[in-house]
Amino acid sequence: MPIPAARGSLPALAPAEHWHQQTARALSGPAAHRRPPVIAVVRFVEAPRIESRFGHKGVDRVLEEVAWMLRPELSEQEHLAPDGHGGLVLTLRGAATWQVRARLEGISTRLARLPVRLGDDHLAVTPVIGWADAADRPACTDPDQLAERAAEAVELATGQVDLIPRKWTPAAPARHAGRRSGGPLRTVLQALVTVLIGVVAPFAGLALAYRAGLDLGTPAYLVVTISLVLTSVVIWVENLHALDPDRPPDTPAAPQPAASAIIPAYLPNEAATIVDTLHAFLRQDYDAPLQIILAYNTPRPLPVEEDLRALAAEDPRLVVMEVPYSTSKAQNVNAALEVVTGEFVGVFDADHHPAPNAFDRAWRWISHGADVVQGHCVIRNGSASWVSRTVAVEFESIYAVSHPGRTKLHGFGIFGGSNGFWRTQVLHETRMHGQMLTEDIDSSMRVLLSGRTVRNDPALVSRELAPATLSALWKQRIRWAQGWFQVSRRHLRAALKSDELTARNKLGITFLLGWREVFPWLALQMIPVIAFIAWREGGVTEMDWFVPTFVLCTLYTLSAGPSQVLFAWRLAAPEVRKHPRWFLGYLVVSMFFYTEFKNHVARVAQLKELSGERKWAITPRQVPVRGEQL
């Protein structure tokens with residue numbers, strides 16, 4: 001296949017020898033004493049496939065396109081050349097680590113958006129970037145050795161494929177570095193610390209201030225009450241907006257294109273359910289070609305792998321790929337993008353069974369301009385235990401009420417990790433970041449900050465399994481809560497400064513990322529405040545519990561929970577709605593246990609994150625009995 005001619009204005013790539021001479025001069029010249037230069041190596045995941053199809057000329061064509069893009073932003077003291085391994089080596093001016101990282105991240109993002117024409121194909125390339133700083137210890141002034149260090153860092157970047165440049169360090173960090181795990185005793189201590197911070201310290205502070213002549217009891221009570229009322233107001237408004245959710249256009253704007261599904265899986269945890277999941281995808285009612293990619297990792301060979309390969313041999317739509325270096329869902333998704341052929345792609349957890357028309361409905365959204373569409377996740381094993389029944393109703397309050405209500409109110413949706421459909425190019429440019437415990441929420445924020453649209457469709461249904469035990473639920477929710485806190489710390493400030501978001505969007509993100517992290521602590525303050533007022537008044541029996549404002553605010557605040565359950569029942573998927581007792585049970589469990597359980601999880605998760613304790617805890621799958629339905 002012929003390779004098109006290069007642009008007339010393409011800059012010629014300097015020979016490696018010329019790069020070496022210029023870089024050696026920069027490392028030993030006067031400027032090196034101020035801030036030595038940085039060496040970066042840029043390679044492309046697709047290079048082996050491009051070379052196998054188009055030969056060396058194909059790879060050279062990609063490098064020329066990349067050089068054409070990079071050369072205008074390089075100064076006279078900065079240089080680039082082929083690295084001899086299908087990539088480029090760059091000499092960049094020295095700067096602080098955060099500045100270099102930000103610059104390389106910008107380069108990585110722009111390269112991921114760069115269309116390269118080879119023959120009749122327009123390819124998207126996936127850059128992997130590593131870099132080394134000559135100023136770091138041990139110091140180095142040899143250009144070749146610095147390039148070797150940067151190449152080592154490229155290997156780390158290649159394992160993630162997430163567009164994040166990696167810096168070389170003297171001892172390359174293990175893949176789990178920084179993810180310290182605390183045992184049960186540590187978690188118990190953290191729970192006690194939350195009580196100390198959230199109850200004991202506020203009560204002591206109020207009491208000490210009172211003894212010093214400053215009565216803060218009433219102001220504290222008003223602050224807590226207003227906080228609870230404000231939260232209730234938002235819940236009520238979202239409930240009402242959920243009655244009229246956004247709906248996709250009746251017809252697509254273009255014929256159905258090829259589509260893909262990515263199913264990331266940690267196989268030991270999914271072995272009992274994955275075959276049923278794949279059969280559910282192979283039953284999809286979609287008229288255009290549908291590619292189904294199972295991207296999995298496993299620490300040991302498993303018998304189910306033979307079944308998966310046999311299934312792939314029977315149906316050419318199924319691609320089964322092991323990701324040997326993977327330790328996360330994010331890495332599996334990113335690896336699967338290398339073989340995606342669809343114009344849009346659905347991302348699903350390994351226990352999901354999408355409705356037969358899911359891809360058809362998602363395309364109606366995407367063909368009319370949506371970049372990401374999040375569907376409605378319905379629990380299909382609600383009868384397994386009281387925990388799974390609780391989660392089944394909770395998911396209806398989330399996916400049938402909160403998500404569509406928030407989207408309608410604040411003008412944006414969020415990708416929830418599964419049953420989400422992406423324009424392929426947008427997912428290619430965004431990727432999943434494996435260092436984030438909730439890579440889905442992180443990617444949602446990055447999509448919004450890039451000016452893209454995320455929509456929500458409660459009628460776009462997929463059915464999944466819920467944890468069936470309290471311990472499994474704890475593992476899942478502690479990871480979710482810590483992941484949300486990570487995202488809040490990383491993106492809230494950027495969102496508030498963003499020119500891509502409207503004031504309406506920013507208000508919603510403030511509530512979603514800011515208020516949701518503060519609220520678990522504020523809600524707890526009612527305990528020390530009331531305890532202080534009782535102590536101040538001489539006992540609980542001496543308090544006036546029937547102050548009209550107190551009674552009205554309490555009633556209104558308490559109404560938020562039942563109202564959300566009522567709206568959830570009204571808008572729930574039919575297979576869940578037919579169990580009204582589940583909703584009544586959820587109301588009771590929430591009032592006396594579940595709401596505070598989730599608040600407690602959020603408080604403990606924040607302490608874990610602030611103390612650097614990060615671990616991806618696998619949520620054990622509940623294996624449904626054959627034929628078991630809601």
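1. Confidence. The mean pLDDT of the protein is 88, and 89% of the residues reach 70 or more. Two stretches call for caution. Residues 1-10 have a pLDDT below 50, yet in the model this stretch has 26 contacts beyond near neighbours in sequence. Over residues 172-179 the pLDDT also stays under 50, and here the model has 12 contacts beyond four places in sequence. Where pLDDT is low, the predicted coordinates should not be read in detail.

2. Strand β3 and its partners. Strands of a sheet pair through backbone hydrogen bonds, either parallel or antiparallel. Strand β1 (residues 38-44) pairs with β3 in the antiparallel sense over 5 bridges; Ile39 has Thr91 of β3 as its bridge partner. Strand β2 (residues 79-82) also runs antiparallel to β3, joined to it by 4 bridges. Pro82 is the bridge partner of Leu88 in β3, and Ala81 stands opposite Val89. The hairpin of β2 and β3 has 5 residues between the strands, and Gly84 in this hairpin takes a positive phi near 85°.

3. Burial of β3. Why is strand β3 described as largely enclosed by the rest of the structure? The reason is that 5 of the 5 residues of β3 (residues 88-92) are buried. In a regular strand the side chains alternate between the two faces of the sheet. In β3, Leu88, Leu90 and Leu92 point one way, while Val89 and Thr91 point the other way; all of them are buried.

4. The sheet of 8 strands. A further open sheet has the order β10-β9-β8-β11-β14-β13-β15-β12, again with mixed pairing. Here the edge strands are β10 (318-322) and β12 (353-354), each pairing on one side only. Within this sheet, β13 (residues 372-379) and β15 (residues 454-464) run parallel and are joined by 7 bridges. One of the residues involved is Gln374, whose bridge partner in β15 is Asn456.

5. Helix α10 (residues 274-282) lies across β8 (259-266), β9, β10 and β12, running at about 165° to β9.

6. The contact of α14 with α18. The axes of α14 (residues 386-410) and α18 come within 9 Å and cross at roughly 145°. On the α14 side the contact is made by Arg406, Thr407, Lys408, Leu409 and His410. From α18 come Arg504, Asn505, Leu507, Gly508 and Leu512. By type, the residues of this contact divide into 3 nonpolar, 4 polar and 3 charged.

7. Nonpolar cores. The largest nonpolar core has 35 residues. Which of its members touch the most others? They are Ile262, Trp422, Met445, Ile509 and Leu513. Elements that each supply at least two residues of this core include β9 (290-297), α12 (329-336), β11 (344-347), α16 (439-449), α17 (470-497) and α18 (503-524). A second, separate core has 34 residues, including Ile263, Leu308, Phe359 and Leu460.

8. Surroundings of Trp422. Beyond its neighbours within four places in sequence, Trp422 is in contact with several residues, among them Phe344, Val345 and Val347. Its other contacts include Ile366, Val372, Phe415, Leu427, Met432 and Val447. Asp371, Thr430 and Ser443 are also in contact with Trp422.

9. Most residues other than glycine have a negative phi, and most peptide bonds are trans. Val161 has a positive phi near 50° and is found in the loop between α6 (143-160) and β7 (166-167). Arg431 has a positive phi of about 65° and lies in the loop between α15 and α16. Are these residues buried or exposed? Val161 counts as buried because its relative accessibility is 1%. Arg431 counts as buried at 1% relative accessibility as well.

Conventions. Residues are numbered from 1 along each chain as its sequence is written. This is a predicted model: local features need pLDDT of at least 70, side-chain atom pairs count only at pLDDT 80 or more; totals for chains, interfaces and linings use all residues. Side-chain values use heavy atoms; hydrogens and water are left out. A nonpolar core is a set of buried Ala, Val, Leu, Ile, Met, Phe, Trp, Tyr and Cys residues joined through side-chain atoms within 4.5 Å. Buried means under 20% relative accessible area, exposed over 50%, partly exposed in between (1.4 Å probe, protein chains only). Contact means heavy atoms within 4.5 Å. Axes are lines fitted to C-alpha atoms, for helices over the stretch in contact, and angles run from 0 to 180 degrees between N-to-C directions. Ala, Val, Leu, Ile, Met, Phe, Trp, Tyr, Cys and Pro count as nonpolar, Asp, Glu, Lys and Arg as charged, and the others, Gly among them, as polar. Two strands pair if DSSP finds at least two bridges between them. pLDDT is the predictor's confidence in each residue, from 0 to 100.
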